[in-house]
Amino acid sequence: MQRRPPTPGRTEPNRTRTALVAIATAACTVGAVALAAGPADAATRHTLPDSVPTWATSTNDAGTVAASTDVEGEVYLPLRNQQGAEALATAVSTPGNARYRKPLSPSAWIAKYAPTKASADEVTGYLRAQGLTITAVPASHEFVVFRGPASVVGSVLGTSLHRYQHAGKTLVAPASAPSLPSSIAGLVSGVSVDQGRLLTHPELVQQGQTPATSTPARTLRQQATGPTGIQAKCSQYDGQNTATVPAAYGQTQVRTFACGYVPKQIRSAYGVDGLAAKGVQGQGQTVAIIDAYASPTIVQDTNSYSKQNGEPVLTSATFAQRIPSPSQFTDQVLCQQPSGWQGEETLDVQSVHAVAPAAKILYVGGTNCGGGLDVAMSKVLDQGLAHLVSNSYGDVGENVPLSSIRGQENLHIQAAGEGIGLYFSSGDNGDESAALGSAQPDFPASSPWVTAVGGTSLGIGANGRKTFETGWGDVLDQIVSSDRGDVYAAPLPGDLVGGGAGGGRSTIFDQPAYQKGVVPSSLANGKRVSPDLAALADPYTGFAIGIRPITDDSTLATGDFVNETYGGTSLASPLTAALMAIVQQSTHVRLGFANPSLYATYRAAPKAFHDVQPPGSPIALAYTSATSGKDYLVTLDHDTSLSTAKGYDDVTGLGSVSFSGLTRAAQR
């Protein structure tokens, strides 16, 4: 189906990403890192390639880390039969294959493909003997998470840990390629000890904010001028209110931004509003949600919100959680604190409950946004806790060492082999060129073994039906007062980026077979392109939630219940997973990894998906900030170098999701 990121030779700390990818492409080794076992001599060490981030360069070096600095690391163990595991994942996911939709149970997959317990025990025994603390080893033994002082970690790995300036942060990373004694290195495929993993962030955006990258969402920068007289009033449905603005795109009257759509509007727009009368609301389906940390008020908030909107409250049949205690939370500052993830969890839970109110939601929280997320994923996969998993987080592009990417990719392969569908938000910063200097999609959404969900802007009319849908990419222009009256602060569409769906050509992964012939060669150039599907993500046509925000991250104290409006592909991913739950219930089919079925359906019936194309004329919304009182014109469908187009595109993939289209894929 696809070729894994190949294993290059030794990775030097100052190697550029371009050189790294070039070497990776040229290499022919597939699967686990080939580390030749030397004599059983602890003094003979072998380097672990691909374990130094490309940003750990002498130019960015801020000096040695304090010896006592607490550092998390992750050691990855190779699968016993990499080629066989990939072949199984392909077979059970591909229509027409004799093994199609005949996945292995978690226990059977672990017994056949996972690293052995003996190997994991030998690795953990060595790390413990050197003074490190083991914090997690999953039942699949695919990785070992450890912690320890920087001086000890560096000594164990035969390197020194330095501080580097990257993405506006000071991050810890190895100054040279890590190594291990040959007896241990032969059991290991890679190691991660860089804090770049802790830049993994939730993919949500509120109205009036720019999307988060390595920092929490921040208020749009404001000019010094005061508010104008526009004062746009939000609309409960598209077209309810309009506002008079300076001439833009041949008009002076435009729609206003959404107050925030509510569950019944979402169900109607996605074509599942009539299924409740037939007893189809997600019964018998479990949607797992993975995020970092845990909201202390998630049940109370969701029940308050449900009562507010006339929806069923959560019960023991529709909600459960497996979460760490607050004392187990780690790396809060770099991971944006529990408060930075609370809105994400709330959005995920309430949007899934909106679409599939009778489905069971299982929330699994990580102890942090690094190895903790891998542990949370493994809990779901190793125990088969759900057949659908929504993941509304991502890295900044693919700017993660290949050893870490390969380790996480093995989890995706495990999920596919077990018939578990993974849905990842594609990102909120378009092509990431602003942060990285070059265009690339976000990982893990760029993995060929997951379904990447992009974003749309969506109008829902008074009758509950779609009035417009285009690609999510918001550009704002402030409306300011001048001696000529109200004018725009910059030439249209403006210079304030309000977020846009992630996607584009992978710098690492080859094009999977299921995309060939569907994704234009001009986009692919032989590589995996994301996203695969799209759903509502624009905060200015966003979803209303209810939350008691955390006011103190040390005590997890919360404030009063408030309504907020969110967007981002963090909304698109859970909406899609919930819609898949409805489809699985109605068709009595377990889709598993859906991409091969989705693309096969598209080949046979392209109109099964709503093809999101550029609007005939620009669509703009008037927006007034509730906090600053300032007025803006929001122009839609402007997403960095990514663009909507007829057919497959790198903003919305095959098109926007619908119950009918996904049902056709399930029936293949």
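Counting bonded cysteines along the chain, the disulfides pair as 1-2, 3-4. The model is predicted, and a search of the whole structure turns up two such bonds.

**Stop 1: the disulfides**

Select Cys 234 and Cys 259. Their sulfur atoms lie 2.1 Å apart and form a disulfide. The torsion about this S-S bond is about 90°, so the link is right-handed. The bond connects distant parts of the chain, 25 residues apart: Cys 234 sits in the loop between strand 13 (218-219) and strand 14 (242-248), and Cys 259 in the loop between strand 15 (251-256) and helix 7 (263-269). Colour by accessibility next. Cys 234 has a relative accessible area of 24% and is partly exposed; Cys 259, at 22%, is also partly exposed.

Move to Cys 335 and Cys 369, which are joined by a disulfide with an S to S distance of 2.1 Å. Here the torsion about the S-S bond is -80°, and the link is left-handed. This pair again links distant parts of the chain, 34 residues apart, with Cys 335 in the loop between strand 17 (319-322) and helix 9 (337-355) and Cys 369 in the loop between strand 18 (360-366) and helix 10 (371-383). Are these two cysteines buried or exposed? Both Cys 335 and Cys 369 are buried.

**Stop 2: backbone exceptions**

Most residues other than glycine have a negative phi, and most peptide bonds are trans. The next selections depart from that.

Select Phe 443 and Pro 444: the peptide bond between them is cis, with omega near 15°. Pro 444 belongs to the loop between helix 12 (433-436) and strand 22 (451-460). Then select Leu 492 and Pro 493, also joined by a cis peptide bond, with omega about 10°. Pro 493 is in the loop between strand 25 (485-488) and strand 26 (496-500).

For phi, go to Arg 101, a non-glycine residue with a positive value of about 60°. Arg 101 is placed in the loop between helix 2 (82-93) and helix 3 (106-113), and its relative accessibility of 21% makes it partly exposed. His 141 likewise has a positive phi, near 60°. Look for His 141 in the loop between strand 4 (133-136) and strand 5 (143-149). Its relative accessible area is 15%, so His 141 counts as buried, the cut-off being under 20%.

**Stop 3: helix 14**

Finish with residues 569-587, helix 14. From first C-alpha to last, these 19 residues reach 27 Å, close to the 27 Å expected at 1.5 Å a residue. How many of the residues of helix 14 are buried? The count is 18 of 19, and the helix is mostly covered.

Key:
Residues are numbered from 1 along each chain as its sequence is written. This is a predicted model: local features need pLDDT of at least 70, side-chain atom pairs count only at pLDDT 80 or more; totals for chains, interfaces and linings use all residues. Side-chain values use heavy atoms; hydrogens and water are left out. Helices (H or I, at least four residues) and strands (E, at least two) are DSSP runs, numbered from the N terminus. The expected span of a helix is 1.5 Å times one less than its number of residues. Buried means under 20% relative accessible area, exposed over 50%, partly exposed in between (1.4 Å probe, protein chains only). A disulfide is a pair of cysteine sulfur atoms within 2.5 Å.
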